[in-house]
Amino acid sequence: MPDIYTTEWYDAVRSAINVGVSQLRSLPEGRFVVAVEIVADGRSPYVGEGARRFLMEIADGSCLWYRELQPGESEKAHVEGRIDYRFLGPATVFDEIAAGLVDPVDAALRGAITVRGDMRLLLRHAEHVKSLLEAYTNAVSTTWPLGRPPYAAVTSGSEGAVARA
Amino acid sequence: MRDTCDAVVIGSGHNGLALGAYLARSGMEVVVLERRHEEGGGLCTEELTLPGFLHNVHANYHTFVDLAPPQADLDLADHGLEYVRPEVQMASIFDDGTALTVHTDLDKTCASIARFSEQDAETFRRLYTEAHGYVNLLLGTLMYQPPMSMKELTRALSVFGVEERSEFLSVKLRRETIDTFLDLHFTHPKVKAHLAFHGAVCGYANDVPGLAMSFPLLVGKIDNWRLCVGGSHRLAHVLWRDLAQHGGVLISDAEVARIAVDGGRAVGVVLADGTQISARRLVVSTIDVEQTFLRLLPDGSVPAELTSAVQSDLLHQPWSLFSVHLAMSEPPRYAAAAFDPDVDRAWVVNLGYASTEELDADWRAVRSGRLPGVCRPNAAVNTLFDPSDAPEGGFTGLLRQIAPYAVGDGGPSAWDEMGHWYGRRCIEAWRRFAPNVGDGTILDWTPYTPADITRKLPNMVRGDWMMGEVSLANMLDRRPLPALAQYRTPVEGLYLAGSTQHPHGFITFAPAYNALQVIADDLGLEAWWRDV
């Protein structure tokens with residue numbers, strides 16, 4: 001089982017995504033770049049300061065690549081043009097989603113995760129999006145070397161860290 | 001005057017100015033044309049009563065400023081735009097001396113509701129908390145994107161299982177009225193009346209089928225009412241400033257007589273004085289659909305069936321607003337302050353609607369061309385929150401009453417005879433709740449009737465301040481007509497970006513922002529602006 005947020009884990013997530021979408025009849029055509037920003041919130045041991053940032057490219061529904069950016073590394077080094085979707089939220093929420101403890105749709109509906117981009121496409125391909133989210137949430141057996149969520153009680157200012165980000 | 005540019009924008013309301021500024025920042029030479037003597041359209045602020053008393057003639061309540069993309073994209077705060085969000089946002093004052101107040105502090109709002117019904121207070125807390133979580137996500141999806149169909153939308157909600165996750169969102173809401181929603185979840189008539197009143201001030205009548213779909217979102221923004229410091233016109237001014245700083249030109253007193261079409265493509269405009277302005281890339285109309293298609297475009301520019309649909313199928317709000325603007329020497333002191341002192345600090349005040357049935361009866365009356373049986377206007381005193389809008393010691397007052405555009409057989413011109421009489425009735429209604437409002441404290445006042453709305457701003461057809469009915473039949477990809485809902489027109493290079501378009505009027509900027517996305521796609525503009 002890969003450790004969370006390692007190259008092996010990203011590869012496993014990518015494979016899980018592609019297995020999931022291969023079951024779908026209708027997939028979005030074209031290429032889309034998705035950026036994910038997981039912001040330190042004082043609780044997750046996996047995001048100590050600032051944020052972990054990821055990029056993923058989806059082509060005709062399948063995940064071509066999935067990589068983490070190094071601190072200070074520009075998105076432009078990997079992407080020509082515009083980021084199509086951005087997901088932003090506190091680290092604990094993303095950790096809990098990856099651990100299968102929190103439903104990503106619930107997290108978005110309660111405003112814990114911000115989603116930006118062409119929401120029409122996202123809604124028109126709801127089955128595809130759902131499949132991506134399920135791959136992230138449930139499909140990969142993950143180890144948590146620094147501890148598995150849920151974490152200890154909330155420390156002050158965790159929500160504020162995201163609000164300011 | 002510039003005679004050739006890249007983009008001509010017809011109309012300098014907030015949508016026209018914002019779109020002009022976006023295009024100018026995208027490197028285009030932009031000309032925005034305004035029929036009136038100044039920019040702003042519905043953002044006009046004028047000294048309607050006495051010198052120094054600044055009255056917001058049309059738009060007074062701005063509820064989307066924090067979500068609307070131009071705020072950040074166009075650096076409006078840097079240009080001097082400032083808003084106040086009053087702590088006591090709204091109040092309903094009832095005939096029996098009780099009152100309900102909505103605060104920026106949820107606990108205080110719930111405490112106020114609990115004085116009528118503890119159960120309703122808990123329901124409101126759950127509804128607000130749920131809606132507050134998804135309001136920005138859903139408004140970003142529904143408002144700041146070119147519209148989807150209701151079918152696509154409900155299908156997606158079903159796939160994501162939203163109905164199972166929510167106490168309040170349901171696919172069934174697309175067929176229900178706000179009244180039905182309120183009856184399903186709330187118990188106390190006054191609580192329901194206040195929530196319905198809030199919807200009405202937003203333009204959502206509580207008895208129209210389908211509008212329940214939007215109600216949780218309205219509640220999610222119920223504490224987000226903001227006042228533009230210096231008057232609503234300040235917003236128009238900062239938009240103009242941004243346009244100008246990026247090379248755009250605003251021309252006032254420039255009535256467009258005709259859109260020039262060559263080979264099926266919009267290539268410019270001709271002004272009423274004969275001046276021709278050529279547009280290399282696009283022409284945008286932000287005025288009403290009727291003028292655009294029936295007056296400005298040459299005959300034969302669009303298919304006959306579209307012309308016919310514009311003539312017969314457009315839906316306008318079947319109700320309008322009668323306003324009274326007042327210059328006062330003191331603010332109202334409500335008798336209901338004995339019950340809840342916060343009513344004297346409330347911004348938007350419902351004077352008397354105590355049940356949804358009372359509102360329903362008035363909707364029926366107004367839609368059939370009659371005045372409401374009992375005058376129950378809403379009141380706002382902006383000076384309580386922005387002292388700059390009146391001379392020292394003075395206060396501006398605003399009363400608004402739902403009213404028909406055409407009264408009985410007299411049509412809209414009947415208002416010319418009735419305006420002062422009905423204005424006095426509205427003031428008397430205010431005095432019933434605030435005894436100090438009267439000859440001793442009112443320095444001057446003037447009525448502003450539904451007929452005045454259309455005379456001043458002809459694009460608000462038949463007093464329709466939302467520039468199109470807010471109803472299921474005129475929503476999303478059906479507004480203003482299915483063939484025009486995606487901001488494009490059959491005339492190449494001619495776009496629609498006014499409040500006639502999805503989502504509707506109000507200071508959302510969404511028509512301009514959404515049209516911008518379509519124009520960017522068509523013209524290959526690089527999107528530098530932020531996603532919602």
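Of the 165 residues of chain A in this predicted model, 37% count as buried. The C-alpha atoms of chain A occupy a box of roughly 45 × 30 × 30 Å along the principal axes.

Chain A contains six helices and five strands. Their order along the sequence is α-β-β-β-β-α-α-β-α-α-α. The radius of gyration of chain A is 15 Å, close to the 15 Å given by the globule rule for 165 residues, so chain A is as compact as a globular protein of that length. Contacts in chain A were also sorted by sequence separation. Among those between residues at least 6 apart, 74% join residues at least 24 apart.

Tyr10(A) is placed in helix α1 of chain A, which spans residues 7-22. Tyr10(A) counts as partly exposed because it has 19 C-beta neighbours inside 10 Å, whereas a buried residue has 20 or more. Neighbours within four places in sequence aside, Tyr10(A) is in contact with Tyr66(A), Arg67(A) and Glu68(A). Val39(A) lies 29 residues from Tyr10(A) along the chain, and their C-alpha atoms are separated by 18 Å.

The contact between the chains draws 18 residues from chain A and 20 residues from chain B. On the side of chain A that touches chain B, at least two residues come from each of α3 (104-109), β5 (114-117), α4 (119-124) and α5 (126-138). The residues on this side of chain A comprise nine charged, seven nonpolar and two polar.

Conventions
Residues numbered from 1 in each chain as written. Chains lettered and ligands numbered in written order. Predicted model: local features only at pLDDT ≥ 70, side-chain atom pairs only at ≥ 80, totals over all residues. Contact = placed C-beta atoms within 7 Å. Helix = DSSP H or I, 4+ residues; strand = E, 2+ residues; numbered from the N terminus. Nonpolar A, V, L, I, M, F, W, Y, C, P; charged D, E, K, R; others polar. Rg over C-alpha atoms; globule rule 2.2 N^0.38 Å. Buried ≥ 20, exposed ≤ 12 C-beta atoms within 10 Å, placed from the backbone.
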